[in-house]
Amino acid sequence: MSKKVLLVNDIAGYGKVALSAMIPILSHMKYEVFNLPTALVSNTLDYGKFDILETTDYMRNTINVWNELGFEFDAISTGFIVSKTQTELVTDFCAKKAERGTLIFVDPIMGDDGKLYNGIGDETVKLMQRLISVADYIVPNYTEASYLTGVSYKAEGTTREELYNIIDKLRKLGAKSVVITSGILENKKHVVVGYDHKKNEYFTIPFEEIPIRFPGTGDIFSSVFIGKIMNNNDLITSIEKAMNVVEKMILQNKDNVDKYKGIPLEAYMGVIEE
């Protein structure tokens, strides 16, 4: 029987990001995929004009129905969460499921390039600290990890020791395994750094930055990463496979005229290893 994965994230009407990216990837990897939309978004935010319909009441009612029906999941992955109420709702839901053995993956989507996204403030950061406290795996970028721990973001680059210090602070908040993407060292080398709670060891994985922006690459990374972890790959292997998929997909689509809509669906299936 295939494993059941619940995705808690937004869905865009125009653009292959969030649920629109994650559902086909994890389905292709042979998982039974369910979803709980946090918002309906007209299009990816990169276009500069968009509309968002928050779905908090729907989420609350759906969780109540699922609890009455006794639905269970092998893993839950959380992404973009719109409000304080949603964050509290998702955290309580994940905490209860974690007690029953469900693996919890958290991508604390709050900002990038040293800044929080519009509408994200200190209250959201504090709420996200509570959500990562129930997580088995968290995948913040360097910006999000800095805000979650109160450590200054350094655009010019930081040291491996400082990144490991951030990891320790995230672990003190309750996170088990930590994967910080888009780390920058002082020599301008780009790295993924983290901590594997099963092996009790830190790691650093260097990579070459591709100076092309596609919305949704983080969702692609998370999907492949989750799929590999759920298939009993170790942490570093899962990260490396996810990194390879993202790199291949960016390179294959680098000449696309409209990059704001993300990477086309048909590009996914040819580069994801079974």
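Predicted model: local features only at pLDDT ≥ 70, side-chain atom pairs only at ≥ 80, totals over all residues.
Close-up 1. The partner to look for is K97: the two residues form a salt bridge, and their closest N and O atoms are 3.3 Å apart. E72 sits in the loop between α2 (56-69) and β4 (75-78), while K97 belongs to helix α3 (residues 84-99), so this pair ties together parts that are 25 residues apart in sequence. K97 has a relative accessibility of 6%, so K97 counts as buried, the cut-off for that class being under 20%.

**Close-up 2. Arg130 and Asp92, a bridge between two helices.** Here R130 forms a salt bridge with D92, with 2.7 Å between the closest N and O atoms. R130 comes from helix α4 (residues 122-132) and D92 from helix α3, so the contact ties together parts that lie 38 residues apart in sequence. Salt bridges with shared partners also join E72, K97 and R100 into one network. Back at the pair in this view, R130 is partly exposed because its relative accessibility is 41%. D92 is partly exposed too, at a relative accessible area of 33%.

**Close-up 3. Asp46 and Arg213, a salt bridge between two loops.** In this view D46 and R213 form a salt bridge, and the closest N and O atoms are 2.7 Å apart. D46 is in the loop between β2 (32-41) and β3 (52-54), and R213 is in the loop between β11 (201-207) and α7 (217-230), so the pair ties together parts that are 167 residues apart in sequence. How exposed is R213? Its relative accessible area is 53%, so R213 is exposed, as the cut-off for that class is over 50%. D46, with a relative accessibility of 22%, counts as partly exposed.

Close-up 4. To find your way in, start with Y14, which lies in the loop between β1 (4-12) and α1 (19-28). Y14 counts as partly exposed because its relative accessibility is 42%.

Technical notes: Residues numbered from 1 in each chain as written. Heavy atoms only, no water. Helix = DSSP H or I, 4+ residues; strand = E, 2+ residues; numbered from the N terminus. Buried < 20%, exposed > 50% of the residue type's maximum accessible area, 1.4 Å probe, protein only. Salt bridge = Lys/Arg side-chain N within 4 Å of Asp/Glu carboxyl O.
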